[in-house]
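Colleague: I am new to reading structures. Could you take me through a few features, one at a time?

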Amino acid sequence: RLPDGSDLSGAYVASRLAREVSESWFTQLIASGSGARPDPAQLQDQLARALQDEMTYPDVPQSIVKGRLQRILPTTLAGVAFASTGEELQIEAMWAGDSRCYALTVDKGLQVLTIDDTPETDALALIRNDQPMSNLVCADRPFAINRLGYRLAQPAMLVTATDGCFGYVRTPAHFEYLILKTLMDSPGPQEWADQLIEAVAAIASDDCSFSLAGVGFGDFVTMREMLRPRFTFLTDNHWAPFQRAQSNEEIEALRIGSWESYRNTYHELALQDAQR
């Protein structure tokens, strides 16, 4: 509760506190110049201590939190640490909960780098039915920051997003279409950010947070033009057919067909790494 009497939800406070702690941790990591592989256990410890400190604030209503599925100061997390070697990207994807990290490349399109902390991990199934999380950042229970490491050829766009960004599209391919459609329609990065926020807000029924970083493209215009063929492919194969659909049955058949042709590439990196 703020001094003016207004109330903030625990998730609101936790998400912003987690962002501050994560930003500080990343900044210290970069400033150290050690080049060491990021240790998510350190971030996990800093997040836990910060949230537990916040939980002791006098106006946190402890009594309202009861039951196995409820948490005090809950939030999800998705972060990417990356380093460029010129031709290759070394990537560490870190997450807790159902927020995701992605890589988007000219050849492969959007590929997920994380595996949701949910019983179901199929991306289309998760669009259809929200799932309870087995792990998320919170103040009152242990949690883990997961990590998967990758090496990718440059250039690549790195994306982190909460489920409000990708959970309300018809198919996983449509989230990539949304990213690239707004990119194609934008003369510069600020306009792209504005259009992307507007596009996500128009379909979401939840809070949305995301970040994007293009690495190895050279400049914004070059990135846009290098990704234009991928956008054309998505438009022709995963977007335009839905615009011609006449019934819910036809739309559902298109969703299944889109996912069947998209899923192997989409899941390729995270599933391969998880199986090692």
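Colleague: Which side chains meet Glu176 in a salt bridge?

Modeller: The general idea comes before the case. Side chains of opposite charge can pair when their charged atoms come close. In this predicted model, Arg230 and Glu176 form a salt bridge, with 2.7 Å from N to O. Arg230 sits in helix H8 (residues 228-244) and Glu176 in helix H5. The two are 54 residues apart, so this pair links distant parts of the chain.

Colleague: Are Arg230 and Glu176 buried or exposed?

Modeller: Arg230 is buried, and Glu176 is buried too.

Colleague: What does Asp116 pair with?

Modeller: Asp116 forms a salt bridge with Arg100, at 3.0 Å from N to O. Asp116 lies in the loop between strand E4 (109-112) and H3, while Arg100 belongs to strand E3, so the bridge ties together parts 16 residues apart in sequence. Both Asp116 and Arg100 are buried.

Colleague: Which pair has partly exposed partners?

Modeller: Take Lys181 and Asp185. Their side chains meet at 2.4 Å, N to O. Lys181 has a relative accessible area of 29%, so it counts as partly exposed. Asp185 is at 39%, and is partly exposed as well. Salt bridges can also share partners: Arg37, Glu92 and Arg147 are joined into one network that way.

Colleague: How many salt bridges does a search of the whole structure find?

Modeller: The search finds 15.

Colleague: Now strands. Which way do the side chains of E6 point?

Modeller: In a regular strand the side chains alternate between the two faces of the sheet. Here Ala156, Leu158 and Thr160 point one way from E6, and Met157, Val159 and Ala161 point the other way. All of these are buried. With six of its six residues buried, strand E6 (residues 156-161) is largely enclosed by the rest of the structure.

Colleague: Which strands pair with E6?

Modeller: Strand E3 (residues 100-105) runs antiparallel to E6, joined by five bridges. Strand E7 (residues 210-215) also pairs with E6 in the antiparallel sense, over six bridges. Look at Ala161.

Colleague: Which residues make the nonpolar surface patch of about 250 Å²?

Modeller: Leu2, Leu8 and Tyr12 make that patch. Tyr12 is in helix H1 (residues 10-32). Its relative accessibility is 38%, so Tyr12 counts as partly exposed.

Key. Residues numbered from 1 in each chain as written. Predicted model: local features only at pLDDT ≥ 70, side-chain atom pairs only at ≥ 80, totals over all residues. Heavy atoms only, no water. Buried < 20%, exposed > 50% of the residue type's maximum accessible area, 1.4 Å probe, protein only. Helix = DSSP H or I, 4+ residues; strand = E, 2+ residues; numbered from the N terminus. Pairing = 2+ DSSP bridges. Patch = residues over 30% accessible without salt bridge, like charges linked within 9 Å, V, L, I, M, F, W, Y side chains within 5 Å. Areas by Shrake-Rupley, 256 points an atom, 1.4 Å probe, with all protein chains shown as cover. Salt bridge = Lys/Arg side-chain N within 4 Å of Asp/Glu carboxyl O.
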